[in-house]
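Okay, thanks for having me, everyone. Let me put the structure up, and then I'll walk you through a few spots in it.

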Amino acid sequence: MWPIFIVFLSLVILKEDFTKKKLISIILGFLGVSLVITKGDFTSLDFSQIDVLLIVMLGAIAFALFSVLSKVVKVDATNAVMIYFFSAILYSIITVSTYSSFIMPSSKDWISIIINGAFINGISYLFWIKGLQMFDASKVAPYLFITPILSAFFLILFFDEEILMVYFVGLFFVILSGLVNSLKSKS
């Protein structure tokens, strides 16, 4: 959902233009992701834990806001990511101290922590912020729909998830979403 929230917030905060092309792109991307998440069975959607869904939605809105505001903040991307991660560490320490107890990770856990922190989050955030600074946020957002599709393929590759045709249909819609979004408008 956060690509959709990025589009809406970029309209409100950044005053970007909303076009039919962007709307079609968002719909196609959302359809592709929905197909993959539900494995093509929309009746499997479960809204019984609405409180959890609302918290997840709040997280999506928060990251979309973070993304959109990173366009207007005039801070170097590297510095912004460093400030973000330092703040996250600080808030994590406070949260863990308040609601749990701190346990030092084992030596084998540190490899995963470093890979996750440096590559999956650190470097990818730098690219994300640079991309947002170079292009309209609402133009970049539909490309994010590829994330759940890639996750499904990684599940197939690494965890022997069953290969479903609906994954390819979802991928088709996501690629179509990006293509529609990147088409040049006739002047």
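When I say contact, I mean heavy atoms within 4.5 Å. With that, and leaving aside its neighbours within four places in sequence, Ile-6 is in contact with Ala-64, Ser-67, Val-68, Trp-128, Ala-137, Ala-141 and Leu-144.

Quick housekeeping: this is a predicted model, where local features need pLDDT of at least 70, side-chain atom pairs count only at pLDDT 80 or more, and totals for chains, interfaces and linings use all residues. Residues are numbered from 1 along each chain as its sequence is written, and side-chain values use heavy atoms, with hydrogens and water left out.

Now, the rings. We have 11 aromatic pairs here; rings of Phe, Tyr and Trp (its six-membered ring) pair if their centres lie within 6.5 Å, and planes under 30 degrees apart are stacked, over 60 edge-to-face, the rest tilted. Take Phe-85 and Tyr-125: they're a tilted pair, 5.7 Å centre to centre with 45° between the planes. Phe-85 sits in helix α4 and Tyr-125 in helix α5, so the pair ties together parts 40 residues apart in sequence. Helices here are DSSP runs (H or I, at least four residues), numbered from the N terminus. Ring pairs also link these two with Phe-63, Phe-66 and Tyr-84 into a cluster.

Tyr-125, at 13%, counts as buried, while Phe-85, at 24%, is partly exposed.

Last stop: Phe-102, in the loop between α4 and α5, is exposed at 62%.

Note on methods
Helix = DSSP H or I, 4+ residues; strand = E, 2+ residues; numbered from the N terminus. Buried < 20%, exposed > 50% of the residue type's maximum accessible area, 1.4 Å probe, protein only.
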